[in-house]
Amino acid sequence: MIRRARLRLALWYAGTFLLILVVLGATAYWSLRRGLAADVDRSVETVVQGWLATEPSLALLSPMDLDEDDERADVFLLVFSRDATLLANPSRVDAEEFLEEGLVRRGLQGETWDTFREHGDRLRVLAAPVMEDGQVTGVVIGGRNLAAHDEQLAALLTALLAAGAAGVLLAALAGWFFAGRALRPIEVAYERQRAFVGDASHELRSPLAVIRASSELLLREPLPAGQREALQEVLDTSVEASSLVDDLLTLARLERGEAPATVEDVDLALVVSAVLQQVRPLLDEHESEVLKDVPAGLRVRFAEGDLRRVLRALLENVVAHTPPGTPLTVCAWTHGGEVTLAVQDSGPGVPEGSLPSIFEPFTRVERARTPGHGHSGLGLAIAARLARRNGAGIEARNRPEGGMEVRLMLPRAPGG
């Protein structure tokens, strides 16, 4: 429980830090992207407007008029006449692309920006009309290759992703560390509580055994009806208390990891039949009809005593928390190297919000399933820990047709 809480806190820290990194990284990326785009547009516009400011005459245009100086090394210019004839192209750019994109036509109507690909390279271009004596006589197109611009953005994105991954990893490690420190007092208190429960359960077994034995001894004597009834009530209560103490002691030992399971090959069908026979009086008292659908010869890897106790706990849980007469089904099926054993009932089910906690000790469902009399609330908790001790999984869900289903995922025995 403490480990899960620590993991959730660490993930929460890492998730929060990741969200902050995403917001800051996205802001930085888009700001730089807009800045670089504005710089590209500004450089192209400066060259185009600078050339237009010379008031060129297309009839007297010389290629020398478009020689690039050092400040224009990354910007190219092309000049077209009104009929789309190429007049100058000192950078030897493929002019066909500009004609196909309709830049000349659009440039005759006014300044226009565009971004397109030419032989795999992205180009940012500005087409502007050339005016002579108030008439549009041609179009000048200035452009810039965006390869360097794209490389800068790619480098920035790589750096942001690398920094983000490192930041999230460090945040997760720091979150794990600080969550451990924050939860340490709770962990110490929990360990003390668990030790107290184990010790108290152990110490209570002897006096409860004495009460039970004394009650049984006195019931053998001739007693008035009233005294016999009271003494029988004492005996019944001591039996329930002894069962609760045994469950508490078992739970404490399981959580401390004492006595690891001795896994063996078990015939699942035989174990199910034996447990059903064992709890038959309880099922008959509950008036529950049981359907068994477990293939014969199906073998699993599980400690047989643990498997019996898990299945008994699942059946007792159905009896304790469903109305009398509720039918139930015990079935099993295989999937690859795993065997699923399921106990299904047709009761009222469990509220969805309570499903994740039903395997915790002393869990009480507030509604839907009926409260069981004399039920300690430890059966499913013990079943879950016994399953984990044997390397199995356990889960609960509400059935679409009504009722609850608890599944036990068991390792399949070789050849089983």
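The legends below describe close-up views of a predicted model of one protein chain.

**Figure 1. Overview of the protein chain.** The secondary structure of the chain consists of nine helices and twelve strands. Of its 416 residues, 41% count as buried. Among contacts between residues at least 6 apart in sequence, 65% link residues that are at least 24 apart.

**Figure 2. The largest nonpolar core.** This core contains 45 residues, and those that touch the most other members are Leu268, Leu307, Leu315, Val330, Leu341 and Leu410. At least two core residues come from each of helix H6 (268-278), H8, strand E9 (328-335), strand E10 (338-345), H9, strand E11 (393-398) and strand E12 (404-411). Helix H8 provides the largest share, eight residues. Apart from this core lies another, of 15 residues, which includes Leu58, Val75, Ala128 and Val140.

**Figure 3. Surroundings of leucine 307.** Leucine 307 is one of the residues that touch the most other members of the largest nonpolar core. When neighbours within four places in sequence are left aside, leucine 307 is in contact with Val266, Leu268, Val271, Val300, Phe302, Leu408 and Leu410.

**Figure 4. Packing of helix H8 against helix H9.** Two packed helices are described by the angle between their axes and the distance between the axes. The axes of H8 (residues 304-321) and H9 (residues 379-389) come within 9 Å and cross at roughly 150 degrees. The two helices are therefore roughly antiparallel to each other, and their crossing is left-handed. From H8, the contact involves Asp306, Arg309, Val310, Ala313, Leu314 and Asn317, while H9 contributes Gly379, Leu380, Ile382, Ala383, Leu386 and Arg389. By class, the residues of this contact comprise seven nonpolar, two polar and three charged.

**Figure 5. Packing of helix H6 against helix H8.** The axes of H6 and H8 come within 10 Å, with a crossing angle of roughly 50 degrees. H6 is therefore oblique to H8, and the crossing is right-handed. On the H6 side, the contact is formed by Leu268, Val271, Val272, Ala274, Val275, Leu276 and Gln278; on the H8 side, by Glu304, Leu307, Arg308, Leu311, Arg312 and Leu315. Nine nonpolar, one polar and three charged residues make up the contact of H6 with H8.

Figure 6. H9 is mostly covered, with nine of its eleven residues buried. These buried residues are Gly379, Leu380, Ala381, Ile382, Ala383, Ala384, Arg385, Leu386 and Ala387. Leucine 378 is located in the loop between E10 and H9, and its relative accessible area is 0%, so leucine 378 is buried. The C-alpha atoms of leucine 378 and alanine 313 are separated by 8.9 Å, although the two residues are 65 residues apart along the chain. Just after H9, glycine 391 adopts a positive phi of about 75 degrees.

**Figure 7. Histidine 149 in helix H4.** Histidine 149 belongs to helix H4 (residues 147-219). Its relative accessible area is 9%, so histidine 149 is buried. Not counting residues up to four places away in sequence, histidine 149 touches Arg33, Leu36, Ala37, Val40 and Arg122.

**Figure 8. Asparagine 145 in strand E5.** Asparagine 145 is found in strand E5 (residues 135-145). With a relative accessibility of 32%, asparagine 145 counts as partly exposed. Beyond its neighbours within four places in sequence, asparagine 145 is in contact with Asp74, Asp121, Arg122 and Leu123. Asparagine 145 and arginine 124 are 21 residues apart in sequence, and their C-alpha atoms are 6.6 Å apart in space.

**Figure 9. Loop residues with positive phi.** Most residues other than glycine have a negative phi. Arginine 92, which is not a glycine, has a positive phi near 55 degrees. Arginine 92 lies in the loop between strand E2 (86-88) and helix H2 (96-100) and, at 76% relative accessibility, counts as exposed. Glutamate 287, likewise not a glycine, has a positive phi of about 60 degrees. Glutamate 287 is placed in the loop between helix H7 (280-286) and strand E7 (290-293); with a relative accessible area of 58%, glutamate 287 is exposed.

Key
Residues are numbered from 1 along each chain as its sequence is written. This is a predicted model: local features need pLDDT of at least 70, side-chain atom pairs count only at pLDDT 80 or more; totals for chains, interfaces and linings use all residues. Side-chain values use heavy atoms; hydrogens and water are left out. Axes are lines fitted to C-alpha atoms, for helices over the stretch in contact, and angles run from 0 to 180 degrees between N-to-C directions. Helices (H or I, at least four residues) and strands (E, at least two) are DSSP runs, numbered from the N terminus. Angles under 35 degrees count as roughly parallel, over 145 as roughly antiparallel, 65 to 115 as roughly perpendicular and the rest as oblique. A crossing is left-handed if the near helix is turned anticlockwise from the far one by less than a right angle, and right-handed if clockwise. Contact means heavy atoms within 4.5 Å. Ala, Val, Leu, Ile, Met, Phe, Trp, Tyr, Cys and Pro count as nonpolar, Asp, Glu, Lys and Arg as charged, and the others, Gly among them, as polar. A nonpolar core is a set of buried Ala, Val, Leu, Ile, Met, Phe, Trp, Tyr and Cys residues joined through side-chain atoms within 4.5 Å. Buried means under 20% relative accessible area, exposed over 50%, partly exposed in between (1.4 Å probe, protein chains only).
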